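Dear colleague,

I am passing on the structure we spoke about, placed just below, and my notes on it follow. Please read them with the model open beside you.

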Amino acid sequence: MGSLKVVTISLLLGLPGSLAFAQSPTYGVGRTPTAEELRRMDISIGPTGEELPPGRGTAKEGAQVYVQKGCVGCHGATGVGGLAPILQSTKGVDVPVWKKERILPLRAPHATIVWDFIRRGMPLGLEGTLTPDEVYSLTAYLLFLNKVIPEDLVLDKQSLPKVKMPIGDEFGKPHQFKLNAPRLEGYPY
Amino acid sequence: MDSKRNSRRELLKAGAALAGGITLGTSGKAAQAQAHDHPVTPSSENASPMIHGSKELIEYGQRSKYVTSVRVEHPIGGRPSPDVFGKVFHVATPLQDSVGVITPSSLHYIATTRGSFLPDIDPRQHTLTIHGLVDRPLTLTMDELKRFPSVTRLHFIECAGNRHNGKQKNVQDTHGMTSCSEWTGVLLSTLLKECGLKGSAKWFVAEGAEEVKGASSIPIEKGMDDCIIAYGMNGEPLRPQQGFPVRIMVPGFEGIYHTKYLRRIKVTDRFYMNYNEFGHLRPEDKELALGEQIGPKSVITYPSGTQRLPGPGFYEISGLAWSGGGAVKTVEVSTDGGKKWNRAEFKNTPQRMAHVRFAYPWKWDGTETQIMSRCIDDIGQRQALREEIANWWKVPLERDYRVPGLDNSVMPWNIARDGSVTNGLA
């Protein structure tokens, strides 16, 4: 009855369809998070970069942060030679990206992923403590090391999503998932 | 304390000796009953010593000291777990010793996003938040989550790194990155309906609370179908290594999608390429698709690599089969290197996205041979030989050929005349 009333009222008011079918909660357990809680918790950054916070940074600044924050200890002085995964390709400039090492600031289809991972996953033991400026700077430094951007490019909310990554469009896109269907249409195995 | 215990033990020994004396001349039955009630003496018919009851044994229990099956790092010689920092990377379950379909929680395989610290989460402090394209964002404590209607289902989880090659010795190395448990929790669809899913919802991001905040993008159709927000595993709370206090089960999808320490679900209208998805990145759409839902797969666990048949005679060949596409429909076993395939029997009822135990009775005549299994699932997908897969992709079958997606090709085991079992891909 309640939902019928909602539908009627929504139709009368000309509300969008999705809202017209909105159901009231069945169990009423739990609470509504505050906008501030959601803002703090929502660290997802998509390819458009629209969720990026204000801030800025360059490769030169990033090189300093890289030393200050101890990145050198695990990743080596210039992204090679440490115990942690390498961050700078050891292959020649002419080698196609898929033949180079699987390095995030090199093979990522969007520069936003580099920003997102540094923000959520680094530095080891102090994850989530870098300021937006520091994350922009480190992203710029690692992209510069891999010859993706020039040294003087300022990365910010506007420029970061526009960075042209070496992979271009040469990567597989997610398919339309179908329930109870083979994992790949036409593939028998 | 110790001297007290010792003196009590002496007393018991004396009592047992006395009891032995007294039972002289009484019936054998009575003597046996006595023997079970007392510690063993050299003259007792009970040949086994007593397991001394301890607080720990009474409270939580422990397996026999004669059962020594353990998890090992994966791959062998790869990154050690734990490492010098106490971090865990990839650890494989000892399938060669498994019976039935449930993997004991203590032996479930472990994989972490990048070799992470196991977070020691206080469940009273942990919450799960659902937000994004929903009418009403929702934050739940663990106690609140448990108030929703629950489901209990068998499901396997398998790591994308579960690949077999000719260098591996036993089935723990070749296939040990899959495990099957009984999971209890709330269907994600129940929670999404409670929040009111918006029509524009296409994906959701499931994010963990561990230090690296591992996150994966999952199609909303899957979320509304059979994903479980799981807090229970094999009759007790999840183990920390499996995501305590709560993880998401994405039945049939590769292990990395089953986000542990789940803290947040964001419903979105787009695919978010997280670090986890970067790891999945492939040049071609087709190969990328094969890195999501797991194909039909089976493996013989007995007899398997490094085991030895004592001599010709009867053996029950036994193994596990599973599929990310549904329930296993049939399993076939070959004992002659793939010339003839024989229908195997199921030891339990096959369930969707769960291991099923199969078996085939076999009389080994003592000659050299090769044994293997293959399966078909209930949506018609078929487990194939490596050469069949290479043929389909129109590529030559080289020694190090990499099966696209999670490797679900047939696994052969060679049996030599002396009964020793070795890797058939070697």
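In which sense, left-handed or right-handed, does helix 7 of chain A pass helix 8 of chain A? Before I answer, please keep in mind that this is a predicted model, and that what follows was computed from it.

The crossing of helix 7 of chain A with helix 8 of chain A is right-handed. The axes of helix 7 and helix 8 of chain A come within 9 Å and cross at roughly 125°, which makes helix 7 of chain A oblique to helix 8 of chain A. On the helix 7 side of this contact you will find Ala111(A), Val114(A), Trp115(A), Ile118(A) and Arg119(A), and these meet Val135(A), Leu138(A), Thr139(A), Leu142(A) and Leu143(A) in helix 8 of chain A. Sorted by class, the residues of the contact between helix 7 and helix 8 of chain A are 8 nonpolar, 1 polar and 1 charged.

Helix 7 of chain A, which spans residues 111–121, is mostly covered, with 11 of its 11 residues buried. Among these buried residues are Trp115(A) and Phe117(A), and also Asp116(A), Arg119(A) and Arg120(A). The buried residues of helix 7 of chain A pack against helix 6 (104–107) and helix 8 (132–145) of chain A, and also against helix 8 (275–280) of chain B.

As for chain A as a whole, it has 8 helices and 2 strands, and its elements run α-α-α-β-α-α-α-α-α-β from the N terminus on. Of the 189 residues of chain A, 30% count as buried. Among the contacts in chain A with a separation of 6 or more, 59% are between residues 24 or more positions apart.

The contact between the two chains takes 46 residues from chain A and 56 residues from chain B. Several elements of chain B each supply at least two residues of the side that touches chain A, including strand 4 (127–132), strand 13 (262–268), helix 6 (188–195) and helix 9 (285–289). The largest share of that side, 5 residues, comes from helix 9 of chain B. By class, the residues of the side of chain B that touches chain A divide into 20 nonpolar, 14 polar and 22 charged.

Chain B also holds two open sheets that may interest you. One is a sheet of 5 strands in the order 17-16-20-21-22, with antiparallel pairing. Strand 17 (342–343) and strand 22 (421–423) of chain B each have a single partner strand, so one side of each is left without a neighbour in the sheet. Within this sheet, strand 20 (residues 369–377) of chain B is joined to strand 21 (residues 413–415) of chain B by 3 bridges, and Ile371(B) stands opposite Trp413(B) in strand 21 of chain B.

The other open sheet has 4 strands in the order 14-15-19-18 of chain B, again with antiparallel pairing. Its edges are strand 14 (297–302) and strand 18 (345–346) of chain B, and because each has a single partner strand, one side of each is left without a neighbour in the sheet. Strand 18 of chain B pairs with strand 19 (residues 356–364) of chain B over 2 bridges in the antiparallel sense, and here Glu345(B) stands opposite Ala359(B) in strand 19 of chain B.

With kind regards

Key. Residues are numbered from 1 along each chain as its sequence is written. Chains are lettered from A and ligands numbered from 1 in the order in which they are written. This is a predicted model: local features need pLDDT of at least 70, side-chain atom pairs count only at pLDDT 80 or more; totals for chains, interfaces and linings use all residues. Two strands pair if DSSP finds at least two bridges between them. A residue is buried if 20 or more other C-beta atoms lie within 10 Å of its own, exposed if 12 or fewer, and partly exposed in between; C-beta atoms are placed from the backbone. Two residues are in contact if their C-beta atoms, placed from the backbone, lie within 7 Å. Ala, Val, Leu, Ile, Met, Phe, Trp, Tyr, Cys and Pro count as nonpolar, Asp, Glu, Lys and Arg as charged, and the others, Gly among them, as polar. Axes are lines fitted to C-alpha atoms, for helices over the stretch in contact, and angles run from 0 to 180 degrees between N-to-C directions. Angles under 35 degrees count as roughly parallel, over 145 as roughly antiparallel, 65 to 115 as roughly perpendicular and the rest as oblique. A crossing is left-handed if the near helix is turned anticlockwise from the far one by less than a right angle, and right-handed if clockwise.
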